[in-house]
Structure formats: C-alpha cells, structure tokens
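I am opening a notebook on a structure that is new to me. The entries below record what I looked up, topic by topic.

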Amino acid sequence: MILNQAGTRRFKAYTSKHLDELLKRAGLGDDERLKVRAVATVLPFRTNAYVVDELIDWSAAPDDPIYRLVFPQEDMLPATDVARLADLLKAEAPNVEIQAEANRVRAQLNPHPAGQKELNVPRMGDEPVPGMQHKYQETALIFPKQGQTCHAYCTYCFRWAQFVGDADLKFASDDIGQMVAYIRQHPEVTSVLITGGDAMIMGESVIRRYIEPLLDLEQLESIRIGTKALAYWPQRFTTDPDADATLGLFEEVVNAGKNLAFMAHFSHPRELESPLVESAVKRILGSGATIRTQAPLIRSINDDPAVWSHMWRRQHRMGMIPYYMFIERDTGPQDYFAVPLARAYEVFRDAYSTVSGLCRTVRGPSMSATPGKVCVDGVTEIAGEQVFMLHFIQARDPSIVGRPFFARYDPSAVWLTDLRPAFAERFPFEPADALLPV
C-alpha cells in the first residue's frame, strides 16, 4: 500500500477493471464471475482499499453483508439480461455493442425515480437550473459537478444512474452563481442539501466554492451534506492532507450562524467499529456540526431488528442522531433488495422498542415517493378490515403533511404504488378525479 509522508494510507480505488481479481478473493468460479461482470456493465462498481481491507470479512464472502453492500450479485438483474450480457463479454464483443445492451437494460430500471427529471427540476423563467432539484418548498438540493462520484458505491444506491457515464442520466453543475440566484428568488428555501454522489469526495478547496456563497444567504437556516464518507473513508476527516482545512470550513459555516448537518449513511454496524470512524465523528462534532444518520432497509444486508437497534444505540453513544430508516426506492435492482412494507414496519417497530427515548429521534420506515416522504406507521384492523396506517413526513403539497391516511393491507407490497386506498376512493395526494384502481 502506498504511504504518504505522514505514514497514513492514501486513497486507492478499485473499479470494474479490478473486479475479476476481487471476485476470485470471494471464492467465485469462472461462470459466477462472468455473470457478476455482466451485471457490472449495467450497474456501477467502485470500492476502495479501506472497504476491501478493513470492512469486508472475506472468509464469509460472498454472504458477508459488507461484501453484498458494495459488490454486484449475479441475480440482481433478470437472468435473461445477465445471460445476454455474459455472452457478449465471453465473445469479447465490441464495447459499443456491450454498452448498447447495457443501456437497454438500464432503461428498464427506472433510473430517475420519484419524478426527479420531470417534477423536481427548478426553473428561472423558462430555463431549467442545471445541478439542482427542488421538491419540497423549504429544501433545495445542489449536485456539485465535482461531487458526482463516491469513495465506494452501494449496490442498492437509488442514484446509481449518476455513475454510469451517461450524461442524460446525470444531475450536475458547477455554476454555483446560478444556484444562489435561484435560492434568492425563492425565500421559502431555508435549507440546502449538498448531495451527489458524495459531497465529501471533493477536496476542501472545491467544496468551499459551493459552500462559501451560501453563507451570505440570510434566508438559509441550515446546510446539509449528504455523505457515506464516514463509513467508506473516515480518513477524509482525520489524516487526508486537507482534513484540517475541511474541519475549519465546517467551523466557518457554524460561525456564520448556519446549522451544519451531516447526513451520514451507515448501512450496517460494522461500518461503525473502526477507531478511525470514532475519531472522525469526534472531529466533525468538534467543529460544531451535527451528524444525523440514515440508511435504507436492505434485504440480505440489514433486514434484522437487532442490526438496527445495535446501530442506533452505537450511533447515539458516539454523539450522532438516528434520523431515518428508508424503504428501498423503486429503481435499479429494487426487486433484489426490497423488503415488503409489512415486514419493514415489523423490523422498525421491533428495533425501536429496544432503544431508549434518546434514540427514538429516528423516523421510519419511510418511502421517498413521488408525492413525498410517506411513513408506514403500522398495521391495524379497522371495521373488520386490515389496513396500513400512513402519514406524510414531507410532501410536495404541504397541506397533506402529517395527515393520516389508510391503505388496504397487502403483505407483498413493497412501494407506495403497490397500495390501494382504504375507506376512501383515492389517496390524499391523488387528484379529485382519480379513479379507484381496479
């Protein structure tokens, strides 16, 4: 491993060109590796030396949860698609032919869920503002051009389309001036989320160019940074060359009177075990920032109440705030990772019941669907009918936030669109002339 002058390991990425050798380490045979490589022509693969050397239990691979968190699996995609791509790879077909087939498969995977390209793009006059989304009135999302990758990719990532090299599938811009102008025109925006990709893939001098102009916006109460860096490369805040400068920038945000919130993604307790993570968390909290934790519920990785209970308790001890349990979004290999809503509620309830009140800041299980964030509050029986109880945590239409509504119980439902209204002809987010689905 290459060392820098301070004696700490430099970041080393592994991409698809390293995939076959890494799969051999997991004990996969020739045919199995070929099928995984076929999946990797469609879905992005990237990891790094910290994940490979420190987080994965190779003796348990390919069943190890961290391995499954970052490595493609052959059954993530329909078998016929995998077979077709595997045949092309085996025949050493021209790359243009392989990519054409991969693009065909991608188009079937709902690359932009929840109306991201149609409903969330803000406009100034008649022109869209590149690199931004504005779904909820209080919050604007910024996608820095230089932040549209990650230290490692999660196999379940709902933003997988950002990483496959297709400009038509990507949100990104480096025109922070236009973004600031848009926010000024919309005084209802009080919070900005810098996201990607991962904002913390950027060096301090780059992320400063996006953050500094926001500090002059009096309307902003908070700046959020969406990141998986604490789990996948905690050195970003401890021993990287610009770690100290980055923490100094965080202090500037806090001193400017803004709440700086780290939206940290931890998918499994093992990601919290390294002393490097504990050190990074202490340094971030020492800057005056807060850290809120979130992750989706993922089959074969964390679909166990004990896993979540352990995570929330450990995060609380470390000074972080448990924030969200999400439902896997309706994109990419959703069928592979999805947990039915009824089971998701059971996992959340059973984990929630075993933690103290200070950990019960967490919300969920929540679906970030087209109309908003829908929380599954439970399953009950009303007037002899078994139903889901739900409410909106956030919504495009603020008037429906917090209003309870009901859906017919369906043990196989995994997403909002699988549900049908109970005790009403339509859901509260549907237009008045919406017909009751048959």
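**Cysteines.** I count a disulfide as a pair of cysteine sulfur atoms within 2.5 Å. The model is predicted, so I take local features at pLDDT of at least 70 and side-chain atom pairs at pLDDT 80 or more, while totals for chains, interfaces and linings use all residues. Residues are numbered from 1 along each chain as its sequence is written, and side-chain values use heavy atoms, with hydrogens and water left out.

I searched the whole structure for disulfides and found 0. How far is the sulfur of Cys-154 from the closest cysteine sulfur? The distance is 6.4 Å, to Cys-157, which is too far for a bond. For Cys-157 I noted that the closest cysteine sulfur is in Cys-150, at 6.2 Å, again too far for a bond. I also looked up the accessibility of Cys-154: its relative accessible area is 14%, so Cys-154 is buried. My cut-offs are under 20% relative accessible area for buried, over 50% for exposed, and partly exposed in between, with a 1.4 Å probe and protein chains only.

**Aromatic rings.** I describe a pair of aromatic rings by the distance of the centres and the angle of the planes. Rings of Phe, Tyr and Trp (its six-membered ring) pair if their centres lie within 6.5 Å; planes under 30 degrees apart are stacked, over 60 edge-to-face, and the rest tilted. By that rule the structure holds 21 aromatic pairs. Are Tyr-323 and Tyr-324 buried or exposed? Both are buried. Tyr-336 and Phe-337 also form an edge-to-face pair, at 4.9 Å centre to centre and 90° between the planes. Both Tyr-336 and Phe-337 are buried. I then noted one aromatic cluster formed by Phe-45, Trp-58, Tyr-67 and Phe-71.

**Charges over rings.** I looked for charges over rings next, counting one if NZ of Lys or CZ of Arg is within 6 Å of the ring centre and within 35 degrees of the ring normal. Lys-228 lies over the face of Tyr-232, at 4.9 Å from the ring centre. Arg-360 lies over the face of Tyr-352, at 5.1 Å from the ring centre.

Helices (H or I, at least four residues) and strands (E, at least two) are DSSP runs, numbered from the N terminus. Axes are lines fitted to C-alpha atoms, for helices over the stretch in contact, and angles run from 0 to 180 degrees between N-to-C directions. I call angles under 35 degrees roughly parallel, over 145 roughly antiparallel, 65 to 115 roughly perpendicular, and the rest oblique.

I took helix H8 (residues 204–211) with helix H10 (residues 243–255): their axes come within 10 Å and cross at roughly 15°. That makes H8 roughly parallel to H10. The crossing of H8 and H10 is right-handed; a crossing is right-handed if the near helix is turned clockwise from the far one by less than a right angle, and left-handed if anticlockwise.

For helix H12 (residues 305–317) and helix H14 (residues 341–352), I noted axes that come within 8 Å and cross at roughly 45°. H12 and H14 are therefore oblique to each other. This crossing of H12 and H14 is also right-handed.

**Backbone entries.** Which peptide bonds did I list as cis? The bond from Gly-196 to Gly-197 is cis, with omega near 20°, and Gly-197 lies in the loop between strand E7 (191–194) and H8. The bond from Gly-364 to Pro-365 is cis too, with omega near -10°, and Pro-365 is placed in strand E12 (residues 363–368).

I also checked phi. Glu-92 is not a glycine, yet has a positive phi of about 55°. I found Glu-92 in the loop between helix H5 (79–90) and helix H6 (95–107), where its relative accessible area of 70% makes it exposed. Phe-423, not a glycine either, has a positive phi of about 60°. Phe-423 is in the segment after strand E15 (404–408) and is partly exposed, at 45% relative accessibility.

**Two distances.** Met-367 is in strand E12 and is buried, with a relative accessible area of 0%. I noted 9.4 Å between the C-alpha atoms of Met-367 and Asp-330, which are 37 residues apart along the chain. Pro-340 is in the loop between helix H13 (334–337) and H14. Pro-340 and Asp-198 are 142 residues apart in sequence and 28 Å apart in space, C-alpha to C-alpha.
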